[in-house]
Amino acid sequence: MINPLPWFIAGPLIAVIMFVLLRLGKTFGMSSNLRTICSISGAGRFSSFFSINWRDNIWSLVVLIGVIFGGVFAFQVLEVAPPQIHENVVDQLNAYGFDSVNSSYLPTELFGINQLLSVKGFAIILIAGFLVGFGARYAGGCTSGHAIMGLSNLQRPSLIAVIGFFIGGLVMVHLIFPLIF
């Protein structure tokens, strides 16, 4: 079993990648790949938002494919241990019925096939997916685009978006999550 890279190695590696992208005049965010995929699929016939030259973004799709295969490789081959959460948080999650904390990479109580096939689980995933997609579009990018690329580029809108993401996360965890579970 191999441990994840420590923050003092992974963080500077991300900074180097952002520096290279900025020097090359590229911007990056995972949600921009969805626009490119929709453009490739012909969505430009229905909305001018998707009428882009998707060939200019092939490099970003290659990064997306690398992220997917890298994640699968790390999860399957390297057998990366699930993240360990502080005992106080584990106790709180156990009180909400999450027993897979610290033993599963994703909580099976949310992402398990049984949950997806239930009305409540399907509704949660569907609404959450819609809100994430709407939020990423409304904010002009997703968390990775604004927090990593936008802040690296010293963009004020990205700072505002990241503050909004953080506040939204706090509201979700402390106000909405206890109501759902």
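A residue counts as buried when its relative accessible area is under 20%, as exposed when that area is over 50%, and as partly exposed in between. In this predicted model, Trp59 has a relative accessible area of 24% and is therefore partly exposed, whereas Phe28, at 15%, counts as buried. Of the 181 residues of the chain, 19% are buried.

**Overall architecture**

- The chain is built from nine helices and has zero strands, and its C-alpha trace spans about 50 × 40 × 35 Å along the principal axes.
- Among contacts with a separation of 6 or more, 47% come from residues 24 or more positions apart.

**Surface and charge**

- The accessible surface amounts to about 13000 Å², and carbon and sulfur atoms contribute 71% of it.
- There are 8 positive and 6 negative side chains, with the centres of the two sets 29 Å apart.

**Aromatic pairs**

- The whole structure contains 10 aromatic pairs, one of which is the tilted pair of Phe28 and Trp59, with 6.0 Å centre to centre and 45° between the planes.
- Because Phe28 lies in the loop between helix H1 and helix H2 while Trp59 belongs to helix H3, this pair ties together parts that are 31 residues apart in sequence.
- Tyr96 and Phe177 form an edge-to-face pair, since their ring centres are 5.4 Å apart and their planes stand at 80°; Tyr96 lies in the loop between helices H4 and H5 and Phe177 in helix H9, so the linked parts are 81 residues apart in sequence.
- Ring pairs join Tyr96, Phe98, Phe177 and Phe181 into a cluster.

**Charges over a ring**

- The charged end of Arg35 sits over the ring of Phe49, 4.0 Å from its centre, and Arg137 lies over the face of Phe49 at 3.7 Å from the ring centre.

Key
Residues are numbered from 1 along each chain as its sequence is written. This is a predicted model: local features need pLDDT of at least 70, side-chain atom pairs count only at pLDDT 80 or more; totals for chains, interfaces and linings use all residues. Side-chain values use heavy atoms; hydrogens and water are left out. Helices (H or I, at least four residues) and strands (E, at least two) are DSSP runs, numbered from the N terminus. Buried means under 20% relative accessible area, exposed over 50%, partly exposed in between (1.4 Å probe, protein chains only). Contact means heavy atoms within 4.5 Å. Accessible areas come from the Shrake-Rupley method with a 1.4 Å probe; for residues, only the protein chains shown count as cover. Lys and Arg count as positive and Asp and Glu as negative; His and the chain ends are not counted. The place of a charge is taken as NZ of Lys, CZ of Arg, CG of Asp or CD of Glu. Rings of Phe, Tyr and Trp (its six-membered ring) pair if their centres lie within 6.5 Å; planes under 30 degrees apart count as stacked, over 60 as edge-to-face and the rest as tilted. A charge sits over a ring if NZ of Lys or CZ of Arg is within 6 Å of the ring centre and within 35 degrees of the ring normal.
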